Amino acid sequence: MYASAVGFNHSKDKVAERSMGEGKEWWRTLRPRQEDLEQARAAQHLVLETLQQAAVSTEPIPRFEEETATPHAEATTGIRAKLRQWQQLHGDESVEPDIPRQEDYVPSDEPLNTSTRLPDESTVHRSLVGQADVEENVAFASSDFTSKEGYDGSGSDDAIQYVRPGDLVEIEFTGSERESIVAVHLRRLKAAGGYGQFLTMTGRWIHTREADVQYSVPGFVKPETLQSLLEHVPLPESMADIQELSERGFTEDLSIPRELAAPVVSKLLAFYEESLAIYRQNANALDAAHSILAHDTDLRYGSLMTAAKTLLQLSTEEVTEPALFAVHKALGHAGFAFNVDRRSHRVTGHMQIRSKGQVKNIETVRRWLREWQDDMAAQSVMTPAQRNKHKSLHGALVVHSFIRKARTIVEKNRENRQPVSLGANVGPSKERLPIAPKQDCVKVETSLDFDDYEQQVIRFLETWSCTSMFRGLPRIESLPPLILQATELYPDQALGAEIGYLFLQEIGTIMPYENRVRFDQHLLLPSSQHSKPLSNLMNSLLAMSDNPDFKDSMADLRHDWKDLPVYCVDDAGALEIDDGISIEQAGIEPDGRKQVWIHVHVANPTAFFDHLHPLAKMARHMGETIYMPERNYMMLPRWTTQNHFSLKANRPCLTFSAKLDADGTTIEHKVTPGIIRNVISITPGEVDGLLGLGGNSNELPLRTYSVGGQPPPPRPRTSAVADLNAANIQDLKTLMALAEKRAAGRKAAGGLFFDSHRPDLQVWQAWRQPGLAWDQIYRKGSRTVVGDPIIQLQTRGLFNWFAPSASTSDVLVRESMLLACEISASWCAERKLPAIFRGTVQNPAAPDRESFYRDHVLPAMKPDGEMPMWLGAQYVKSIGTTVLRTEPITHQMLGMPYYSKVTSPLRRYGDMVLHWQIEAALRHEAQTGEDLKVTKGNRPFLPFSKATLRTLMIGLQPREKMITKTKQNALMHWSAMLFFRKHHFGEDGGFSGPEFGSEGGKTVFRIFVSNQPDFAVGRELCQATEMATNTSIMLKDPTLFGIKDQAKLGDIWEAHIDYVSVYQRSPIMKPLRLVAREGL
């Protein structure tokens, strides 16, 4: 965060000096002397140092997060005594409210995540009109994780709600205990990596990342009222400019003239003062917010609005924006007790309410640590005789004992595994176990060492290093490093959370190779142990498997597809088959060409349970199935998909059908419940072989990199290819021809096509199948792990995503799935059914698509239509941001007028919602004879109203993005682990082969700079891609090593590995030399 100097001391002469005619870069003509800048830096350093000292001060500031201190002797006279007497007489007059029944409060037995709660109709947020769109800055790595429909732009990893000019926002000072302030957004700085410019209530302008803003009030002032201010605010073009302005703000007055800023500042101050007044009026309830809202033992969920209604005893309509802000501040003051997902909180308003028991446990360990510190200090000045007589307090004894035991365990385990502090991970086992049909390559031994009290200390360390729950709470965050320091196991190391994670590996609490994303407190996986109700729901679903009592709500409407071949094209190892494709002749066109019906048959679980069923609750919590190399976290239990709903012969389906002409144009469409009989399972490779597809000349040969030995051979599979006849092959050829024509039509409509060639990464512990055992956190003592999993990465390397590629079966599957998505969206739109429609809107931070294409892409495009990859990355951003709507919206990235995801109800909750809506409409039309395409009015028979869907979608999209990021992080973790074991321990020969170089005994890698670097303000790393493996890495700033060339987007560099940080999921590369500019 960077601020200017305060200044309401402008004269009219200064206003004249900065007249509009001088342009927007007037500040560049006023550059200070070098000695002034040095003085400013010194002043800035002093301020930061003061804030840091305050943050770790041992003198407590009274806050809700603090534990109640031991009372001192009370004075009997003076003002304090009089205040105590008044409190005794009148302190109970403002009574804390009872918790009213709130329908959108998630009770303690409701295990939902904070994203996809389903509120009661009466509690839908009062101001959905004009709600800001959700931003998606497309990062290269995000589009690696596409579905069968292809990349639709909805998987960005840093999507935020747009902050627009005129919005009120809260500016926080994280890492210190300084109170937040409010400000008005002036403009977004397009050239400075997501930073915005704000005018604060103190009269300063300030720069901060818009993604860091956690609270906003849209439209607080009219944007046009800000125009006169912007001419007096510098417009930085880079992070270096922002840093310079921050430094100059200590020696110069760069602020907006007082008379111009006064109206906006006054309005900000009035808002802030009103919120403070509301806080004072309701202080008893707000200061006791956690005790009122929290459950004794279970994690709860809520929203800011619901908390405000409960604490202030108001209805939704009575809660004003200042009141909402007062509650927001109160919850922030409670520290650890409340938690929000900073990636999406401003969009969703949702929060976690930690249990009273969890908060008490944290406070207990904090007390023990203070007792231990006091005990250490006391003993340090004692004589040996005094120490022999000294009796430590209970908490001090617990910490002393834990440190002693932990040191012994670590020293023992280091005989088998050596720590790598830079990598924040333990190395591989010195003893290796070969994998075999009757032997895993990992063996675990445990012991009982820690008592219940010491296990509380372990939980405290987990909360710090695994789940990052102490982030932003410096008083708590400063305590765990003291434990690590006392063990004397990590001398000369910065004792941050990553070393805490390494320590937990060394004592055996977590596995030596555990994927850290598993512990994400907001992802809240069923096995994470964060939520007891979630664990209870999971257990109840397992118990339900013997007698699920499913009833088909669409039984009377199902069409029997009899012998019609249904082609299910999926990988050989796929366990959940969501969809299959059929083709039927449909007549002859006037010119003699054939028309056909294309049927996309989709699994139909939603016909057997409604949206309030326990299975629906689990699906709503999960959002979608999360596939990771080590484990799959299923949205629906595997027994439901395997035994009831995954497509196979004689299984139910919901069929989306389109009648197409010979050019692939839709003539008519329909949706039909059905049963399929003749299912033909075939892999993409088999389809390619049958049709003679593939053979892309741009592709590199498939390479395999592995550590830990040779993985088991694939399980034998019976192929259906031998049973296919000439008619089946002709079906596939016709489907492929129509798919290519539909793809060409989408391209003509502006759709963008590219292929990220994502590597395939698998891990093995057992012979039978890939994946790891479901090892849980172990706190009872030492856990020794002998052996390590096999890691195998298969890749064709990195080549241009935007290069023309030969047609493959992927085109057939993708276009068929997109056809079904278009049919579902069109069908719902015709009937005025509220649904989850997906489309694109212009990203205000991105360049205009048409001008960018004309000015940059076209001049660089090759005759075959290939655009450079570094340009393509920016062009993708210009196309637009994917948003969810309850009414149709054009999807420019796909080149489709109607689009809603509907083809994966076994794996995506959003698809299930569409199925429930469509099924309800089908039943209504069948039972009443009503044609919903004709009739108007409400649709009370639907399970989801428009208002409910709008609220659901506010959380659904952030949840989907979180899962996309999770899958990306899982791949990055295991690729980093592979690099870690090869580089630091030379496993399986390290990196060798013609795709790598060698220099000075070190492997030389080629690096593509895939994102625009910005090394200003102390940043030393930029995201890049290692080209041989096509995996994500971080490249250090070349200028740190005396290299005159600066890294730029599109560069290719040669580099060594400096070290591999498994905790940060990335190899850290040291650049050697620039190979090419705009090299790919």
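For my own reference, helices are DSSP runs of H or I with at least four residues, numbered from the N terminus.

**Entry 1, the whole structure.** I am working on a predicted model, and my search of the whole structure for salt bridges returned 47 of them.

I looked up R248 and E244, whose side chains meet in a salt bridge with an N to O distance of 3.4 Å. I placed both residues in helix α5, which covers residues 239-248, where they sit 4 residues apart, about one turn of the helix. I also checked their accessibility and noted that R248 and E244 are both buried.

I next turned to R907 and D578, whose side chains form a salt bridge at 2.7 Å, N to O. I found R907 in the loop between β27 (881-885) and α27 (909-928), and D578 in the loop between β14 (565-569) and β15 (579-588), so this pair ties together parts that are 329 residues apart in sequence. Both R907 and D578 came out as buried.

I then examined E960 and R838, a salt bridge in which the closest N and O atoms are 2.8 Å apart. This pair links distant parts of the chain, since I located E960 in helix α28 (residues 946-985) and R838 in strand β26 (residues 837-841), 122 residues apart. Because the cut-off for buried is under 20% relative accessible area, I recorded E960 as buried at 9%, and R838 as buried at 2%.

Terms used: Residues are numbered from 1 along each chain as its sequence is written. This is a predicted model: local features need pLDDT of at least 70, side-chain atom pairs count only at pLDDT 80 or more; totals for chains, interfaces and linings use all residues. Side-chain values use heavy atoms; hydrogens and water are left out. A salt bridge is a side-chain nitrogen of Lys or Arg within 4 Å of a carboxyl oxygen of Asp or Glu. Helices (H or I, at least four residues) and strands (E, at least two) are DSSP runs, numbered from the N terminus. Buried means under 20% relative accessible area, exposed over 50%, partly exposed in between (1.4 Å probe, protein chains only).
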